[in-house]
Amino acid sequence: METNFIHHQSAHCENGVASNLLKHHGINISEPMVFGIGSGLFFFYLPILKVNHAPAISYRPMPGSIFNKAAKRLGIKVKRVKFSNPQSAQNALEDNLKKNIPSGLQVGVYHLTYFPDEYRFHFNAHNLVVYGKQDNTFLISDPVMETVTTLTEKELEKVRFAKGALAPKGQMYYPIHIPLQIDFASAIKVAIKDTCNKMLAPVPIVGVGGMRFLAGHIRKWPAKKGVKVANHYLAQMVRMQEEIGTGGGGFRFIYAAFLQEAAVVLNNEKLKKLSAEMTQIGDLWRDFAVNAARVYKNRSNQSDVYNSLADELLHLAALEEAFFKKLKKAI
């Protein structure tokens, strides 16, 4: 069983799977366009919720929401199904492959045998496509990999039924209806307004408000928690930003690419200028991550490192608040 699926590498797994599945169904949509229409840019900080013994910080919405929102706005129907046991999950996947339906899967990263050891950690919201099977080996298109790869039946079962937070429970998804005509312009406008509203929300735990809330806590961590715990919190923050998905700077670069494409679709030069501005903000997010990494690796030569990081984050919040106000006005 093998479908005529074409693998394209991407920066982020969910965007890449969505883009590749839709391309397979005849919709030429890029990763940035999926990300933008799916309102993938987000920020969330909830200190009472702990992830890996550190406050929960997320630079993206819940897994699955990017593809779900993008599909809904484009008039595409996507079927998602979870399974109570591995055998029914494998049977459903094989039935799809027999029908020439490549299928997206949510999986755990830790047991992905083709990942280098340094990238294998307990994170259960990775996405890939299974596009075929030869003997007892499944053919895998993982969009963050340069080329296609494979997993045995047992290996795929293990990652589909990984335990812990965001357990995938064998989740499988694929498009079941593609409209004859797609209104990209309307989808782009709705998506941009949604992203602006969330980033500018008057709630202290999301968007620019969440960034300011986090900045205030970074100042307090060393005295309140001790330097060792504070540095662990910083390490987890950088991990969420730069390693789990593409997070902070990486997501800004993808969103900038989306605005470039949107400028052409909508014939809106303001979006082109804002695309360049978002790229510069992405560079500053990367600088912030580097400076935070220097602190928890004890390589910073600054005397007041935590306050300095908090000031950087407040500067980013101010830039993004101004940016999303301009973007909302431009659209």
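Contact here means heavy atoms within 4.5 Å of each other. The structure is a predicted model, in which local features need pLDDT of at least 70 and side-chain atom pairs count only at pLDDT 80 or more, while totals for chains, interfaces and linings use all residues. Residues are numbered from 1 along each chain as its sequence is written, and side-chain values use heavy atoms, with hydrogens and water left out.

Helices (H or I, at least four residues) and strands (E, at least two) are DSSP runs numbered from the N terminus. Leaving aside residues up to four places away in sequence, Val159 touches Val107, Gly108, His111, Leu112, Leu151 and Pro168. For Leu112, 47 residues apart from Val159 along the chain, the C-alpha separation is 6.7 Å. Val159 has a relative accessible area of 1% and is therefore buried (under 20%; exposed is over 50% and partly exposed in between, with a 1.4 Å probe and protein chains only).

The sheet comes next. Six strands make up an open sheet with antiparallel pairing, in the order β3-β8-β4-β5-β6-β7; two strands pair if DSSP finds at least two bridges between them. At the edges are β3 (77-81) and β7 (149-152), each pairing on one side only. On average, neighbouring strands of this sheet are turned by 40 degrees against each other, direction ignored. Axes are lines fitted to C-alpha atoms, for helices over the stretch in contact, and angles run from 0 to 180 degrees between N-to-C directions. Within the sheet, five bridges join β4 (residues 103-107) to β5 (residues 126-134) in the antiparallel sense, and Gln106 stands opposite Asn127 in β5. Helix α1 (residues 13-24) packs on the sheet, where it touches β4, β5, β6 (137-141) and β8 (172-177), and its direction makes about 45 degrees with that of β5. Helix α5 lies across β4, β5, β6, β7 and β8 and runs at about 90 degrees to β7.

Helices α8 (residues 227-243) and α10 (residues 269-296) pack at an angle of about 150 degrees, their axes 9 Å apart. The two are therefore roughly antiparallel (over 145 degrees; under 35 is roughly parallel, 65 to 115 roughly perpendicular and the rest oblique). Residues of α8 in this contact include Leu234, Met237 and Val238, and those of α10 include Trp285, Phe288 and Ala292.
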